[in-house]
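Please open the model in a viewer and keep the selection tool at hand.

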Amino acid sequence: MVRGHADLKRSNRLEIGVVGRFQRGERVSGIALERVFHLGSRMYEITVQTEFCAGHSLVIGGQREKLHGHNWKVKAVIAGGSLDHDGLLCDFHTCEEVLQEICEPFHNENLDDREPFVKGVNPSAEHVARYIATEMASRLDEALKPHARVQSVSVTEAPGCIATYRVEKS
Ligand SMILES: [Zn+2]
C-alpha cells in the first residue's frame, strides 16, 4: 500500500511539470513530445538505503588530511518508465541486498586501504558514490532491462554533506 501511494504522488508531480511547460507558451505538439519523453524514461523511482562506518584521509591540494571516520549513508535510486509483470520496478529486497553486498567490504575499515581506493583513487564522497553506482549498475541493470535501470547513488558523509553520482544511460 505504501508503495502504491508513493508512486501516485510521483505521478502527480510529473503532471504538474507538464502543466508548467504549457503555461510558458510552448506549442501543443511540443508538449506532447515532452510528455512522451517523460513517460518513457522516468516515471517510476524506487530508493534503497544502507549505512556503513568507515574512515578515510583525503589528499586535498597535495596534503593528506588526518585519518577520521564517518557514518556513511548510501541511497540508491532505480528508475524506469514501466513496471514488470508483478507491478514492480525492481524487488526492494533484491536492490537492498546488492547495495549491502557492495558496501559490506567498507564497514569498519579505512577506505584508503580498500578497493578501488587503494590504487590511488581519493576516497571522496563523490568517488564513493561513483564506485557504488557503477557496481550497482553492473550487477543489476541486465536484470532490470528493458524497463528500468540504476539511476543514481547519493552518499552522505556527514549531516548535510551529500555527493551524488548519476549513471550515464548506456
Ligand atoms: Zn571525511
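This is a predicted model: local features need pLDDT of at least 70, side-chain atom pairs count only at pLDDT 80 or more; totals for chains, interfaces and linings use all residues.

Which residue in β7 is the bridge partner of Ala158? The bridge partner is Cys161. Residues are numbered from 1 along each chain as its sequence is written.

Select residues 148-158, strand β6, together with residues 161-166, strand β7; the two run antiparallel and are joined by six bridges. Strands here are DSSP runs of E with at least two residues, helices are runs of H or I with at least four, and both are numbered from the N terminus. Two strands pair if DSSP finds at least two bridges between them. Two residues lie between the strands of this hairpin, and Gly160 takes a positive phi near 85 degrees.

Within β4, Ile78 stands opposite Ile46. β4 also pairs with β6, again in the antiparallel sense, over eight bridges. Here Lys75 stands opposite Ser154 in β6.

**The whole chain**

Zoom out to see the four helices and seven strands of the protein. Their order from the N terminus is α-α-β-β-β-β-α-β-α-β-β. Of the 170 residues, 24% count as buried, that is, with 20 or more other C-beta atoms within 10 Å of their own; a residue is exposed at 12 or fewer and partly exposed in between, with C-beta atoms placed from the backbone.

**The largest nonpolar core**

A nonpolar core is a set of buried Ala, Val, Leu, Ile, Met, Phe, Trp, Tyr and Cys residues joined through C-beta atoms within 7 Å. Select Ala76, Ile78, Ile132 and Met136, which touch the most other members among the 33 residues of the largest such core. β1, β4, α3 (92-103), α4 (125-144) and β6 each supply at least two residues of this core, and α4 gives the most, with nine. Now centre on Met136: beyond its neighbours within four places in sequence, Met136 is in contact (C-beta atoms, placed from the backbone, within 7 Å) with Ala76, Val98, Leu99, Ile102, Val150 and Val153.

**A last stop at Gly120**

Finally, select Gly120, in the loop between β5 (109-110) and α4. Is Gly120 buried or exposed? Gly120 is exposed, because 8 other C-beta atoms lie within 10 Å.

Definitions and conventions: Two residues are in contact if their C-beta atoms, placed from the backbone, lie within 7 Å.
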